[in-house]
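Please keep the sequence and the 3D view open while you read.

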Amino acid sequence: MEKSHEICFAAERTLGKLAKWLRILGFNTIYEPEVSRSRFIDSWENGRILLTRTKLIYQNRHKSHQLIFIKSNNPFEQLKEVIKLLKLNRSDTKPFSRCIRCNTLINETDKDSIRGKVPDYIWETNDIFQICSGCQRIYWPGSHIKNSKEIIKKVFELCKNNN
Ligand SMILES: [Zn+2]
């Protein structure tokens with residue numbers, strides 16, 4: 001696969017946690033329950049990589065389209081499957097650049113503009129905030145980012161070791 005093209009995914013409804021992790025890594029990922037059936041099918045007929053656990057789709061349908069059949073039940077292992085198959089590196093990712101809830105790119109926002117929209121102690125103890133222009137969710141660097149960074153580091157290390 002050419003990495004010069006942006007890699008985009010369409011994740012089946014059984015792969016919600018994997019979809020969330022791909023968004024954390026910055027990959028444009030449509031998740032089936034969030035869009036209409038036709039939009040979902042269109043999206044992978046138009047170049048998204050379908051992430052599926054449905055053997056029937058894998059074996060019989062749309063052979064010309066790119067798809068990845070996910071074997072594991074565990075989201076961490078599922079993420080490893082995707083990274084290995086596409087030979088992704090950490091440099092291919094843009095962690096925390098995309099809204100986990102709605103897939104929109106998030107942007108840094110002025111601290112004053114979100115006063116009252118986050119708990120006071122969060123507003124007082126953080127200087128950098130980002131906002132999603134899609135669903136208005138506000139992000140700030142908290143412990144969840146630290147934990148996620150460690151998981152990302154680990155998953156890429158493990159993929160490298162097993163190659
Ligand atoms: Zn959003």
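1. Terms first. Two strands pair if DSSP finds at least two bridges between them. Helices (H or I, at least four residues) and strands (E, at least two) are DSSP runs, numbered from the N terminus.

2. Provenance. This is a predicted model: local features need pLDDT of at least 70, side-chain atom pairs count only at pLDDT 80 or more, and totals for chains, interfaces and linings use all residues.

3. Overall layout. The chain has six helices and seven strands. Their order along the sequence is β-α-β-α-β-α-β-α-β-α-β-β-α. Of the 163 residues, 42% are buried (under 20% relative accessible area, with exposed over 50% and partly exposed in between; 1.4 Å probe, protein chains only). Take the contacts (heavy atoms within 4.5 Å) with a separation of 6 or more: 52% of them come from residues 24 or more positions apart.

4. Strand E3. Where do its neighbours sit? Strand E1 (residues 8–11) pairs with E3 in the parallel sense, over three bridges. Ala-10 has Leu-50 in E3 as its bridge partner. E3 also pairs with strand E4 (residues 67–69), again parallel and over three bridges. There, Leu-50 stands opposite Leu-67 in E4.

5. Faces of E3. In a regular strand the side chains alternate between the two faces of the sheet. E3 (residues 49–52) is covered on both faces. Ile-49 and Leu-51 are buried on one side, Leu-50 and Thr-52 on the other.

6. Zinc site. Which residues hold the zinc ion? The protein donors (N, O and S atoms within 2.8 Å of the metal, or 3.2 Å for Na, K and Ca; water is not among the atoms, so sites may look incomplete) are Cys-99, Cys-102, Cys-132 and Cys-135, each through SG. They lie 2.3 Å from the ion. Their spacing in sequence is C-x2-C-x29-C-x2-C. Cys-102 and Cys-135 link distant parts of the chain, 33 residues apart. Cys-102 is in the loop between helix H4 (75–85) and strand E5 (106–109). Cys-135 is in the loop between strand E6 (129–132) and strand E7 (138–139).

7. Zinc geometry. The four donor atoms subtend angles of 96 to 117°, so the arrangement is tetrahedral (all angles between 85 and 135 degrees).

8. Cysteines. Cys-8 is buried, at 16% relative accessible area. Cys-102 is partly exposed at 26%, and Cys-135 is partly exposed at 24%. Zero disulfides (cysteine sulfur pairs within 2.5 Å) turn up in the whole structure.

Notes. Residues are numbered from 1 along each chain as its sequence is written. Side-chain values use heavy atoms; hydrogens and water are left out. Four donors count as tetrahedral if all angles lie between 85 and 135 degrees; four count as square planar and six as octahedral if opposite donors are over 155 degrees apart and all others between 65 and 115; anything else is irregular.
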